[in-house]
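Biologist: Could you walk me through this one, question by question?

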Amino acid sequence: MKTRDEWRKDEEYVALVADLLAQPAVQKLANYTQHHHSDRLQHSLSVSYDSYRIAKRLHLDYVSTARAGLLHDLFYYDWRTTKFDLGTHAFIHPRVALRNAEKLTPLNSKEKDIILKHMFGATLAVPRYAESLIVSLVDDYEAQAEFFGPLKRRWQARMQSRRLVKN
Ligand SMILES: [Fe+2]
Ligand SMILES: [Fe+2]
């Protein structure tokens, strides 16, 4: 997303996810840091909205993409500090998110696959649908943008001020 609130101006998108966004279980994601500079709700909205737009452009199931994209990281622990006996965070959290999402809304098989396979690349679970692949690629892209974006802006500002000093 170009700006944090770009999705708010898209009425069609808002209508697709409004019932989910109204749920405390989704709003609670704002309390968790995701990639250093972003909270998990903001991250989930970015992944959902950007994936939705790609799916729409490709004439795919953008409704399932928007909804499952928003729920793909529906878990409530700090992944940087919580460790599991059963496996890695990459393996565990899609399963936790799916279980939590099922408590909020009925999910079709595509939505389940989107949530469960969004770590494709880090795990061996291969997406069954194009929509799942889109969400997993956008998730990777957003994670990098959220991590490096603020650093890049700070770096650019510093270079800019150096140039001003030199001139
Ligand atoms: Fe995730
Ligand atoms: Fe994610």
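What follows is a conversation about the predicted model shown above.

Biologist: What radius of gyration does the chain have, and what would a compact globule have?
Modeller: The C-alpha atoms fill a box of roughly 60 × 40 × 30 Å along the principal axes. For 167 residues, the globule rule puts the radius of gyration near 15 Å. The chain agrees with that, at 17 Å.

Biologist: What share of the residues is buried?
Modeller: To count as buried, a residue needs 20 or more other C-beta atoms within 10 Å of its own. Of the 167 residues in the chain, the share that gets there is 34%.

Biologist: And among contacts with a separation of 6 or more, what share comes from residues 24 or more positions apart?
Modeller: A contact here needs C-beta atoms within 7 Å. Taking the contacts with a separation of 6 or more, the part from residues 24 or more positions apart is 57%.

Biologist: On to α3: what should the helix span, and how far apart are its end C-alpha atoms?
Modeller: Helix α3 covers residues 40-57, which is 18 residues.

Biologist: How many residues of α3 are buried?
Modeller: The helix is largely enclosed by the rest of the structure. That follows from the burial count, because out of 18 residues the buried ones number 13.

Biologist: How do α3 and α4 lie relative to each other?
Modeller: Their axes are 8 Å apart, at an angle of about 165 degrees. α3 passes α4 in a right-handed crossing, and the residues of α3 that meet α4 include L45, S48 and Y52, while those on the α4 side include A66 and L70. Angles over 145 degrees count as roughly antiparallel, so the pair is roughly antiparallel.

Biologist: Where is H59, and what is its phi?
Modeller: H59 sits in the loop between α3 and α4, just after α3. Most residues other than glycine have a negative phi. H59 is not a glycine, yet its phi is positive, at about 60 degrees.

Biologist: Is H59 buried or exposed?
Modeller: Inside 10 Å, H59 has 7 C-beta neighbours. The limit for exposed is 12 or fewer, so H59 counts as exposed.

Biologist: What about α1 and α4: are they parallel or oblique?
Modeller: Helix α1 (residues 11-21) packs against helix α4 (residues 62-71) at about 40 degrees, with the axes 10 Å apart. The contact is made by Y13, L16, V17 and L20 of α1 with V63, A66, R67, L70 and L71 of α4. The crossing is right-handed. Roughly parallel would need an angle under 35 degrees, so α1 is oblique to α4.

Biologist: Is R8 buried or exposed?
Modeller: R8 lies in the segment before α1. Its C-alpha is 18 Å from that of E142, a residue 134 positions away in sequence. With 12 other C-beta atoms within 10 Å, R8 is exposed.

Biologist: Which residues of α6 are buried?
Modeller: Helix α6 (residues 109-116) is largely enclosed by the rest of the structure, because six of its eight residues are buried. They are K110, E111, D113, I114, I115 and L116.

Biologist: Which residues does F120 touch, leaving out those up to four places away in sequence?
Modeller: F120 is in the loop between α6 and α7. With 19 C-beta neighbours inside 10 Å, F120 counts as partly exposed. Its contacts are A125, V126, P127, L133 and S136.

Biologist: Last one: how far apart in space are Y141 and V47?
Modeller: Y141 is in helix α7 (residues 130-166) and counts as partly exposed, with 14 C-beta neighbours inside 10 Å. In sequence, Y141 and V47 are 94 residues apart. In space, C-alpha to C-alpha, the distance is 8.8 Å.

Note on methods: Residues are numbered from 1 along each chain as its sequence is written. Chains are lettered from A and ligands numbered from 1 in the order in which they are written. This is a predicted model: local features need pLDDT of at least 70, side-chain atom pairs count only at pLDDT 80 or more; totals for chains, interfaces and linings use all residues. The radius of gyration is taken over C-alpha atoms; the globule rule is 2.2 Å times the number of residues to the power 0.38. Two residues are in contact if their C-beta atoms, placed from the backbone, lie within 7 Å. Helices (H or I, at least four residues) and strands (E, at least two) are DSSP runs, numbered from the N terminus. The expected span of a helix is 1.5 Å times one less than its number of residues. Axes are lines fitted to C-alpha atoms, for helices over the stretch in contact, and angles run from 0 to 180 degrees between N-to-C directions. Angles under 35 degrees count as roughly parallel, over 145 as roughly antiparallel, 65 to 115 as roughly perpendicular and the rest as oblique. A crossing is left-handed if the near helix is turned anticlockwise from the far one by less than a right angle, and right-handed if clockwise.
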